[in-house]
Amino acid sequence: MDKTEKQEIEDGESVDTDTGFRCKPKINRAFFPVKVTYLCYIGALVTLFPVIPVYLKYLGLNPSQIGFIRGAEPFLDLFVSPVWGSVADKFSIHKRLVLVNVCGVGGAYFSTIFVPGSGAYNESTPGLDESGEPVDHWTNTRMTFAICLVMIATGQMFNAGVTPLLDANTEEMTKHHGSSYGRQRLWGSMGGMIFSVSAGALMDAYAKNPFFLHEYTPAYLIFAGFIVLTLIPVWHIEFAPHKPPEMFFKNIGAIFKDPRIVAFFLVMCTFGFSYGQVDTYKFLYLDELGSPHILRSLCPAANCLAELFFLYYSRQIIWKIGHENAFMLVIVAYIARFLCYSFLYNPWWILPIELLHGICFGILWPNVTAFCNAAAPSGMAATMQTMAFAVVAGLSEGIGTILGGLFYDHYGARNLFRAMAGMCFVILVIYRIFCCFVEPVTPPGGPENEVEKVNSAYVSEPKGNTYAMENKHPAVYTDDS
C-alpha cells in the first residue's frame, strides 16, 4: 500500500495507515444518510410535538383530557416498541419497518390538523346546550377527544418503531466504520435546535393573519415536509442482513439472567420516571413563575445545544469512565437539575439549568445504545434496544407522569422536584453499591486503538459485506476460492 494512502477512522477524521498521523478531515459516506435521517426526523418531531398540547387546548380539550392523551403515549411505547424490535430481528426487515413507521408517524400526526374543534377551552366559561343550560365538558368535547386520542395514539405506536431501530443499527454500523453513535445522533439535536425556534417564529408571524385553517398550520406543514424528506436517506442507510438466533424467544428470557442487565433496566426506570417530571411539569412550573412564551420555546433549543457537545464526545467519555459510571453521572445530573428547579424564582435562570440536559440525554442515550449492543445476546441488539426505549419512554415515564401530577396537586412543584432529587440520590447509592460486586460491561475499543481498527477493518477488506460478516451473518460470506 502507498504510504500516502489514508483511511477514515472517525466520522470527519482520517489517518495515514502507515504513519498513524491524522490527516485532512473526510466525510464518511456510510454515515451520511444516517446524519440526514436524524436531522430530518428529529427536526420534524421537535417542530410539532411541543405544539400538540397547546393545539389540543385550542380544539377545546381541558387539561385533564390533554393529560390523559399525553399519559397514554408512554404506555403505548412500553407495549409496542419491543414488538417492532422483535419483528425486525426475527424477520430481518429493519429498513422496511423503519420506512413504514416513518410514513405512519407522518400520516397519523398530520391528520390531527383537520380535527374539528369545539372552541378554545376556557375553564371559567362552561359549555351551553341549545336551551342555554350548562353542559358537561367531557360530553361536549367527546368526539374531538376521541379522534385526537386515536390519531395521536396511532402516531405514537409508529414512532415507537423508528428511533430504537435506527439507534440500534447506527450503533452496529459504528463497530465497522469506526465512528460513534453520538456523532451521528447530534445531527438530530442540531435539527431540533434550529427548527424549534424557527417553527415558533413562523407561527407567531402566521398568527397575525391565518388564511388557512389555524395559526398552528406552519408547524404541521414543516413537520410533513421533513417527514417526507426523511424517507430518502432512510432508503440509503446500510442495514446489514440479519440472522436471528435459533432460540429467539428463549434468548429474550436469557437477557434477564444477567444481573447487570437487570440493574440496567432498573436504572432505566429511574431515568424514565425523572424524564416524565421534566417533560411535563417543568412547563407548568414556568407558567406559575410567569415566564413568557418565548422562554418556553428557548428551553428545547437550550436542550439541543447542550446535547451537541456531549453527543460529539460521548464515545470518548463513555470509554474513559465506563458504562456504569456514565449511568451514575446521568443520575447526578438529574439530582442537580431537580434541586436547581426547586430553588428557581426568576424563570429566565432555567436556561443555564437546561444545559444539564446535555448529560441527561447526550451521555445517557449513546451509553444505552452501546451497553445494549455490548451486553445483548447475539442477534438480540435491536430487541434489547427497543426494550430499553420501552422502559424509559414507556412504563416508567407513564407512571412517573401520573404520580408526579398527583404529587404536584397536593404538594406543589418545588416539593415535587425536591422529592425527585431525593429518590435519584437513593437510586444512585444503591446502584453504586451493586457495581462494587459485579464485573462491569467493558466499552469496546478506545481512542488509542483507532488506527489499529482501521487497518483491520479497511486495509485488508475481504470480498462481500464486511459489516454483515463482522456481525455474524453467515449468508453473506464470499468464498475467495
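Leaving aside its neighbours within four places in sequence, which residues is Phe271 in contact with? The structure is a predicted model, in which local features need pLDDT of at least 70, side-chain atom pairs count only at pLDDT 80 or more, and totals for chains, interfaces and linings use all residues. Residues are numbered from 1 along each chain as its sequence is written, and side-chain values use heavy atoms, with hydrogens and water left out.

To the opening question, then. With those sequence neighbours set aside, Phe271 is in contact with Phe327, Val330, Ile331, Tyr334 and Leu364, where contact means heavy atoms within 4.5 Å.

Buried means under 20% relative accessible area, exposed means over 50%, and partly exposed lies in between, with a 1.4 Å probe and protein chains only. In soluble globular proteins, nonpolar side chains tend to be buried together.

Of the 481 residues, 53% are buried. Among contacts with a separation of 6 or more, 81% are between residues 24 or more positions apart. The accessible surface comes to about 21800 Å², and carbon and sulfur atoms account for 66% of that area; accessible areas come from the Shrake-Rupley method with a 1.4 Å probe, and for residues only the protein chains shown count as cover.

Helix H1 (residues 32–48) has 17 residues and reaches 25 Å from its first C-alpha to its last, close to the 24 Å expected at 1.5 Å a residue. The expected span is 1.5 Å times one less than the number of residues. Because 14 of its 17 residues are buried, H1 is largely enclosed by the rest of the structure.

Helix H14 has 20 residues that should span 28 Å, and its end C-alpha atoms are 29 Å apart, which agrees. H14 is mostly covered, with 14 of its 20 residues buried.

Which residues of H6 are buried? They are Thr144, Phe145, Cys148, Ile152, Ala153, Gly155, Gln156 and Asn159. Seen down the axis of H6, the buried residues fall within an arc of 165°, so they line one face of the helix; the arc is that of the directions from the helix axis to the C-beta atoms. On the other side of H6, Arg142, Met143 and Val150 are exposed.

I turn next to individual residues. Thr112 is found in the loop between helix H4 (94–111) and strand S4 (127–128). Thr112 is buried, at a relative accessible area of 4%. Its side chain reaches the backbone oxygen of Tyr109 at 2.6 Å. Beyond four places in sequence, Thr112 is in contact with Tyr55, Met151, Ile152 and Tyr220.

Is Glu307 buried or exposed? At 5% relative accessibility, Glu307, which is placed in helix H12, counts as buried. Not counting residues up to four places away in sequence, Glu307 touches Arg185, Ser189, His357, Gly358 and Phe361.

Cys372 lies in helix H17 and is buried, with a relative accessible area of 0%. Cys372 and Ile261 are 111 residues apart in sequence and 8.7 Å apart in space, C-alpha to C-alpha. Cys269, found in helix H11, counts as partly exposed at 27% relative accessibility. Cys269 and Ala388 are 119 residues apart in sequence, while their C-alpha atoms are 9.1 Å apart in space. Residues up to four places away in sequence not counted, Cys269 touches Val391 and Ser396.

Methods: Helices (H or I, at least four residues) and strands (E, at least two) are DSSP runs, numbered from the N terminus. A polar contact is a pair of N or O atoms within 3.5 Å; within protein, one must be able to donate a hydrogen and the other to accept it, and residues adjacent in sequence count only if both atoms are side-chain atoms.
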